[in-house]
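My plan is to jot down what I look up, piece by piece.

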Amino acid sequence: MDEPMIDVEDLTFAYASNEKKQILSSVSFKAWRGEWLSVIGRNGAGKSTLAALLIGLLQPSFGRIRIKGIPLNEETKWLIRRHAGMVFQNPDNQFIGATVQDDVAFGLENLNMPYEEMQRRVAEALEAVGMTDYQAEDPSRLSGGQKQRTAIAGVLALHPDLLILDEAFVMLDPRSRRQLIAVLKKLKTERELTILSITHDMDEAAASDRVLVLEKGSVAKEGTPATVFSEKTTLDVPFSERLRRLLLKNGRSVPETYSTESDLIKWLCKSNLNT
Amino acid sequence: MNRLILGRYFPGDSVIHRRDPRAKILCGAAFIFISFLAKNMEGLILLWMFAFGIMFFTKISFRTYFRGLRPLFWLILFTVCLQILFTSGGTLYWRFGPIKLSSFGIVQALFIFTRFVTIIFVTTAVTLTTKPMDLTDGLHALLRPLRLFHLPVDEWSMMLSIALRFIPNLLDETQRVMDAQSARGAVFGEGSLFQQMKALVPIFLPLFAGSLARGEELANVMDVRGYRSELPRSSFRRLKWTFGDTCCLLIMCLLIVALAAFNLNG
């Protein structure tokens with residue numbers, strides 16, 4: 001626990017074409033091994049830029065990023081990407097292989113991994129996301145959720161320390177979204193995976209350990225979902241929090257802080273709302 | 001668009017389906033050259049027998065193959081007519097200015113017709129029985145020696161496989177854009193040729209813009225997943241050469257020998 005998985009210090013970014021407009025200004029945060037950190041914020045808050053910086057697709061104008069203690073730069077980005085992966089928003093544009101298993105193997109092929117090892121890792125990764133039955137299917141026959149599972153398997157095959165999700169669930173229906181969140185929760189505990197999810201889906205944020213709120217390129221708030229969501233914010237809040245606030249408005253006594261959906265159900269069952 | 005048979009894959013499990021793509025590509029290419037070796041009636045008949053034999057063994061109906069000929073019908077007819085009408089020699093049956101009908105011309109036309117049709121049949125048989133991805137793998141494997149001359153064979157095959165992989169997506173997108181335009185009252189396939197072409201502009205523009213955006217995102221994905229064209233990559237897809245594939249090549253050799261023998265005797 002001594003070394004943070006992600007250590008971002010004073011990160012500032014502006015496109016060279018418009019240096020005055022800082023997309024991110026002096027962002028600093030840390031994420032620890034086995035932690036699920038959500039980055040939320042409105043459109044244009046710099047969320048996706050942050051993701052692109054963390055995986056080395058963009059270079060910061062100022063400040064530094066360390067992944068597992070290694071400073072991220074043009075030379076080290078390939079080394080870091082051996083154990084870190086990113087899942088993008090559009091399921092169609094990130095499917096490279098002709099079939100599910102080919103796609104999962106793509107990252108391993110790039111590492112010039114021996115054939116037998118690849119076979120083993122692909123099978124294992126597909127098992128972890130529940131896609132083994134579809135391994136020979138081509139992408140046109142998969143649903144959006146299945147494609148995103150495949151993309152996650154592609155990262156898992158690398159035996160990663162860090163998984164970055166850049167609005168990976170936006171194009172999915174609510175059910176596949178919930179299923180994927182459950183899969184990720186399991187993987188996080190089983191493999192001590194660090195997950196950084198960029199999202200504006202509040203239910204996804206509620207599933208994480210810690211939430212970072214970005215506003216106009218800087219960190220506005222940071223804390224557990226419970227504390228961040230119970231404060232009055234302009235952000236959309238998860239369903240359970242919306243319900244809690246509505247009950248409060250109607251003069252019911254409800255728990256003081258944000259609670260997860262299951263907590264709220266338990267509380268509703270115990271309390272007698274009719275009185 | 002769905003009419004095009006050439007380049008489509010028909011799933012199946014025939015002797016031909018099971019052959020290694022390398023064997024199929026080699027035999028298909030060899031057949032194109034061989035068809036020029038046939039210079040007499042025996043050779044001609046052998047070519048037809050071979051082509052129909054292959055088609056039979058793919059277990060795909062002959063009708064599919066004939067449909068594959070359809071887009072090329074006019075081209076074949078034109079070439080054959082040209083041969084019939086402008087070749088002189090042998091017995092002259094009929095003459096009108098530069099146009100003449102001779103026995104030699106008819107025979108020549110028959111040869112051209114045979115070459116055309118059998119080549120189409122055999123190459124169609126190859127593409128109908130091989131998944132596009134396997135064809136790419138086969139080509140990649142066969143072209144690999146060219147790496148010695150510093151030709152970017154691996155990049156070519158990567159480009160080809162990505163292009164193939166995105167064809168269904170592009171077709172989907174085309175349909176979507178067309179539907180969207182139709183919903184706003186655009187009409188396709190009506191009016192003069194010029195009007196029809198003009199109606200296509202609002203389809204190609206969004207399609208083109210969409211492809212560029214898609215390409216950029218795909219490049220990012222490949223970058224993040226560690227694709228570096230300058231470094232060696234291993235391959236998850238493996239081709240398996242079997243005894244049957246060797247037999248395939250042997251049959252091809254036999255065909256060459258037979259055609260050469262006919263020529264010597266004839």
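This is a predicted model: local features need pLDDT of at least 70, side-chain atom pairs count only at pLDDT 80 or more; totals for chains, interfaces and linings use all residues.

**Confidence first.** A term I need before anything else: pLDDT is the predictor's confidence in each residue, on a scale from 0 to 100. I looked up how the elements of chain B score by that number. Helix α1 of chain B, residues 21-34, has the highest mean pLDDT among them, at 93. The lowest mean, 80, belongs to strand β1 of chain B, residues 92-96. For chain B overall I find a mean pLDDT of 87, with 97% of its residues at 70 or more. For the complex, the predictor gives an ipTM of 0.81 and a pTM of 0.78.

**Chain B, domains.** I checked the domain assignment of chain B and found two entries. Domain 1 covers 1-151 + 239-266, and domain 2 covers 153-228. Their centres, taken over C-alpha atoms, are separated by 32 Å. Where the two domains of chain B touch, ten residues of domain 1 are in contact with five residues of domain 2. On the domain 1 side of that contact I note six nonpolar, two polar and two charged residues.

**Chain B, record check.** I then went to UniProt, where the entry is unreviewed. Residues 21-38 of chain B are 78% helix and 0% strand, with the end C-alpha atoms 26 Å apart. Residues 106-128 of chain B come out as 100% helix and 0% strand, and there the end C-alpha atoms lie 32 Å apart.

**Chain A, the four-stranded sheet.** Over to chain A, where I looked for sheets. One is an open sheet of four strands in the order β2-β1-β4-β5, with antiparallel pairing. Its edge strands are β2 (24-31) and β5 (70-71), each of which pairs on one side only. I followed the pairing of β1 (residues 6-13) with β2(A), and it runs over five bridges. Within the sheet, A:D7 stands opposite A:K30 of β2(A). Which helix packs on this sheet? My note says α1 of chain A, residues 47-54, touching β1, β2 and β4 (62-67). The direction of α1(A) makes about 120° with that of β1(A).

**Chain A, the six-stranded sheet.** I found another open sheet in chain A, with six strands in the order β6-β7-β8-β3-β9-β10 and mixed pairing. The edges are β6 (84-87) and β10 of chain A. From one strand to the next, the twist averages 15°. I zoomed in on β9 (residues 210-215) and β10 (residues 218-223) of chain A, an antiparallel pair with five bridges. A:V213 has A:K221 in β10(A) as its bridge partner. Two residues sit between the strands in this hairpin, and A:K216 takes a positive phi near 45°.

How values were computed:
Residues are numbered from 1 along each chain as its sequence is written. Chains are lettered from A and ligands numbered from 1 in the order in which they are written. Domain bounds come from an automatic or database domain assignment. Two residues are in contact if their C-beta atoms, placed from the backbone, lie within 7 Å. Ala, Val, Leu, Ile, Met, Phe, Trp, Tyr, Cys and Pro count as nonpolar, Asp, Glu, Lys and Arg as charged, and the others, Gly among them, as polar. UniProt positions are given in the numbering used here, feature names are shortened, and annotations may be inferred rather than shown by experiment. Two strands pair if DSSP finds at least two bridges between them. Axes are lines fitted to C-alpha atoms, for helices over the stretch in contact, and angles run from 0 to 180 degrees between N-to-C directions.
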